[in-house]
Amino acid sequence: MRLGAGAGFAGDRIDPAVQIARDGELDYLIFECLGERTVALGQARRLADPSSGHDPMLAERMRAVLPHCVGRTRIITNSGAANPRAAGELVRRVADELGLGEVRVAVIEGDDVLAAVRRLDPPTWEDGRRLGEIDEPVISANAYLGCAPIVEALATGADVVITGRCSDPALYLAPLVHEFGWSTEDWQRLGRGTLVGHLLECAGQLTGGYFADPVTKPVPGLARLGFPFADVDSDGNAIFGKPAGSGGRLDAQTCAEQLLYEVDDPANYLTPDVVADFSAVRFTELGPDRVRAEGASGKPRPPTLKVTVGFRSGWQGEGQLSYAGPRALERARLAAEVTIERLQELHGFAAEELFVELIGAGAALRLRPEMASYRGAEDPIEVRLRVVGRAATPERARLVGQEVEGLYTNGPAGGGGSRQSHHEVIAIRSVSLPSNEIRASVQLDRPHLAEPQGAYR
């Protein structure tokens with residue numbers, strides 16, 4: 001069975017998804033579009049507009065790939081974000097607009113566990129404080145579901161399955177469990193399937209995207225980066241590839257980097273479905289852009305699920321201004337001092353509410369002071385000043401950018417390229433909930449189509 005990656009994050013490119021949908025001969029196309037903060041941001045949008053909260057690019061993605069998929073490739077996505085039901089209705093409208101006939105859409109709900117989190121008041125992972133001790137309004141709590149509800153949705157014959165928060169590998173593990181009939185306690189195969197999902201979940205990262213360096217790790221055709229697929233057998237063994245003629249690079253090195261991406265302990269990678277063990281994984285290059293992955297295993301799943309909790313955490317304002325030429329760094333430092341002084345003395349900002357970056361002078365390395373002068377950072381030819389302030393209201397946050405822009409005629413010489421913005425801050429923390437506190441459900445938009453239609457290979 002062939003599984004293909006259609007997205008690795010919410011803002012991912014669409015043209016590689018179209019290419020792999022059209023030319024990849026896929027059984028399943030998976031769009032992974034949720035990050036840690038994405039669901040909480042979706043919940044904030046949904047509070048303002050009950051019809052919102054799903055991936056903003058969902059309609060655009062579906063218009064692009066559905067014509068290539070209906071009748072041959074099934075789609076699974078977590079683009080439902082904070083509002084899977086609205087996402088399902090949107091996909092239905094897109095399919096109808098395209099005249100694609102009866103396209104069955106299944107929606108999974110149940111990851112929203114805000115009521116349970118408020119009732120149980122669990123401690124946060126970050127500092128051990130219980131949510132009731134945190135003086136910020138909680139707006140969301142979403143549990144990482146496993147593959148079981150997706151498997152249930154696939155059993156309805158759905159062409160498109162839309163879920164909210166779930167573990168990223170579960171999007172890929174579910175079709176393997178469904179098609180091959182794996183037991184939900186077959187830890188060995190579940191571990192192998194989780195490896196497949198983990199390698200594919202970030203899409204272009206596996207084919208050289210987050211890997212590329214022009215000197216040490218060159219990647220050809222990066223502007224035409226192709227998304228990967230995996231041919232998986234009934235035991236969970238997989239061979240990875242990408243569409244012929246696409247850009248990018250797929251080899252043992254790109255696979256090894258993705259294997260370790262966001263993995264704390266390769267021998268104990270916790271997911272809702274299995275504790276995967278990647279410690280003995282090995283990659284074998286079978287030819288250009290063809291890699292076999294083997295050696296993964298697994299252990300019984302943990303008794304709890306991770307939950308991401310979102311909080312309204314005030315507002316953030318910022319202003320930016322560039323300085324170039326001789327003494328650019330000195331002028332940028334003076335500009336920062338003037339701005340901070342005015343924000344504190346005229347507007348009452350506290351020191352801990354303000355943050356300054358001198359981009360181009362080692363700002364990205366501020367936690368490594370011994371590298372602050374790396375490659376001339378103490379005498380850069382240009383510096384971008386960035387001042388950020390935290391505030392309780394949007395009006396107060398707006399003051400930060402206004403003070404930076406005021407430097408045009410009231411600050412050091414030669415400032416230019418001013419930009420200012422402000423936005424609400426949605427903070428996130430993590431907690432754990434017992435698995436038995438979560439109840440997922442599957443809704444089929446047109447139940448009379450519960451038997452599979454069309455001709456999937």
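Buried means under 20% relative accessible area, exposed over 50%, and partly exposed in between, computed with a 1.4 Å probe on protein chains only. The model is predicted, so local features need pLDDT of at least 70 and side-chain atom pairs count only at pLDDT 80 or more, while totals for chains, interfaces and linings use all residues. Residues are numbered from 1 along each chain as its sequence is written, and side-chain values use heavy atoms, with hydrogens and water left out.

**Cysteines**

C33 counts as buried because its relative accessibility is 1%. The structure holds zero disulfides, a disulfide being a pair of cysteine sulfur atoms within 2.5 Å.

| Cysteine | Nearest cysteine sulfur | Distance |
|---|---|---|
| C33 | C166 | 11 Å |
| C166 | C147 | 9.6 Å |

C166 is buried as well, at a relative accessible area of 1%.

**Nonpolar cores**

A nonpolar core is a set of buried Ala, Val, Leu, Ile, Met, Phe, Trp, Tyr and Cys residues joined through side-chain atoms within 4.5 Å. The largest has 96 residues, of which V65 and F240 touch the most other members. Helix α7 (residues 170–180) supplies the largest share of this core, seven residues. Another core, of 22 residues, lies apart from it and includes A335, F349, L358 and A397.

Contact means heavy atoms within 4.5 Å. Leaving out residues up to four places away in sequence, V65 touches A17, V18, A21, L29, F31 and I75.

**Q19**

Q19 sits in helix α1 (residues 15–23); helices are DSSP runs of H or I, at least four residues, numbered from the N terminus. Its relative accessibility is 16%, so Q19 counts as buried. Beyond residues up to four places away in sequence, Q19 touches G24, G226, P243 and S246.

Terms used. Helix = DSSP H or I, 4+ residues; strand = E, 2+ residues; numbered from the N terminus.
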